[in-house]
Amino acid sequence: MSFRETVRVLPHRTMRSLFISLSHRRSLARLAVRSPLTRPVVARFVAGETLDAALPAIVALQNAGLRTTVDVLGESVTSPELAAAAVERYLATVAALSARGLDANVSLKLTQMGLEIDRDLCRNNVMRVVEAVETVNGFVRFDMEDHTKTDATLDIWRAAHDRYAQVGVVIQSALRRSSADVDAITAAGGRVRLCKGAYDEPSGVAYRTKQAVDANYARLMERLLLADAHPALATHDPRLIARAIQIVEREGIARDRFEFQMLYGVRRDLQRMLIDRGYRVRIYVPYGMEWYPYFMRRLAERPANVGFMLRAVLHEEARRLRGR
Ligand code: FDA
């Protein structure tokens, strides 16, 4: 059976686990990042490898009426020097967005700031980014990684939010604990981005079926909307988006009290449709060299992307051979 056929017949959950486990493989990351074959495929999900390359995409989105949050790709850094370099990239990004009059809204991962090296080091690094964002009246969102990082992420979020209110955090409907976390964050006046969760989590801490994850998303979304907690509803799921619109219309919730969020390159048709209907939509725009784990999670979410990737790689290879 060819690789493509295997991809088609394997259950979604198996494929998802496979790609998420491959996302941790540093040797594959090195190979993929060096290969010219991966470039055109990655470009669908990643705005560029440098800030200069990504800026036109950010400007184009904002000109089209979409909002953006910029993610400087990187995670699980293994040395204080790499964490410090990540901080510098964020400071440069915030400065560049602000200098161009663009929305200074960024998203970051705590393992990129050194969470797995030392918690205090991470907190100090995060605070440097928060201070820079505060200086330009921007917004910073802490992405949520796998469940072993949830407590630390929420602790550091609390400290950052005490200092500057425009710091938000992400909650994953896949996790069983999320209902309590949503209540605690909302009580503290914090802003939640609600997503389903992109990691392969054990059943002790997470719902393992799509049905259960979606049902929890619907419950938490309704609670956040009714609490007037300025939620960011991060999903491309048309059923959940329709449910959100139903709640908002039923309750007469104003359109500036929440926003939809989607990933760069995913469901551009839905992004446009929501904008045309007058909703706020923010696009998560990643850029940087360290795109491999992010990209693998996008493959894990939608097995059809693997076919898309294989077609593009074969197309590139054929072009290369023709050009010989
Ligand atoms: P679902 O996976 O059910 O997909 C619904 C439909 O959306 C699919 O049928 C398909 O049409 C489309 N779709 C979804 N993913 C696609 C893809 N990769 N390529 C093409 N089409 C796709 N996760 C996390 O753990 N921590 C975080 O901090 C964040 N942050 C974040 C920010 C933003 C703005 C978004 C939109 C998402 C995240 N996520 C995340 C990822 C999130 O947890 C989840 O893995 C993906 O959004 C996919 O789930 P959906 O809600 O889109 O539903």
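A backbone N or O atom of Gly197 lies 2.7 Å from an oxygen atom of the ligand. The model is predicted, so local features require pLDDT of at least 70 and side-chain atom pairs pLDDT 80 or more, while totals for chains, interfaces and linings use all residues. Residues are numbered from 1 along each chain as its sequence is written, and side-chain values use heavy atoms, with hydrogens and water left out.

An oxygen atom of the ligand is also found 2.7 Å from an N or O atom in the side chain of His236. For Arg193, an N or O atom in the side chain is 3.3 Å from a nitrogen atom of the ligand. On its own the ligand has 930 Å² of accessible area, of which the protein covers 88% (Shrake-Rupley method, 1.4 Å probe; for residues, only the protein chains shown count as cover). Around the ligand there are 27 residues, of which Lys196, Gly197, Thr235, His236 and Glu301 come nearest (a residue is near a molecule or strand if one of its heavy atoms lies within 4 Å of it).

Arg193 belongs to strand β5 (residues 192-195); helices (H or I, at least four residues) and strands (E, at least two) are DSSP runs, numbered from the N terminus. Arg193 is buried, with a relative accessible area of 6%. Here buried means under 20% relative accessible area, exposed over 50%, and partly exposed in between (1.4 Å probe, protein chains only). The side chains of Arg193 and Gln261 are joined by a polar contact of 2.7 Å. A polar contact is a pair of N or O atoms within 3.5 Å; within protein, one must be able to donate a hydrogen and the other to accept it, and residues adjacent in sequence count only if both atoms are side-chain atoms. Lys149, in the loop between β3 (139-142) and α8 (150-163), is buried at a relative accessible area of 10%. Its side chain makes a polar contact of 3.1 Å with the side chain of Thr148.

Six aromatic pairs are present in the structure. In the pair of Phe258 and Tyr279, the ring centres are 6.1 Å apart and the planes stand at 50°, so the pair is tilted. Rings of Phe, Tyr and Trp (its six-membered ring) pair if their centres lie within 6.5 Å; planes under 30 degrees apart count as stacked, over 60 as edge-to-face and the rest as tilted. Both Phe258 and Tyr279 are buried. The charged end of Arg255 sits over the ring of Tyr279, 4.0 Å from its centre (NZ of Lys or CZ of Arg within 6 Å of the ring centre and within 35 degrees of the ring normal). Likewise, the charged end of Arg298 sits over the ring of Tyr294, at 4.4 Å from its centre. One aromatic cluster is formed by Phe45, Trp291 and Phe295.

In helix α2 (residues 12-22), the buried residues include Met15, Arg16, Phe19, Ile20 and Leu22. These residues cover an arc of only 160° around the axis, which puts them on the same side of α2; the arc is that of the directions from the helix axis to the C-beta atoms.

Positive phi values occur at Ser76, near 50°, and at Asp228, about 55°; neither residue is a glycine. Ser76 is located in the loop between β1 (67-72) and α6 (80-99) and is partly exposed at 25% relative accessibility. Asp228 is located in the loop between α10 (210-226) and β6 (232-234) and is partly exposed, with a relative accessible area of 38%.
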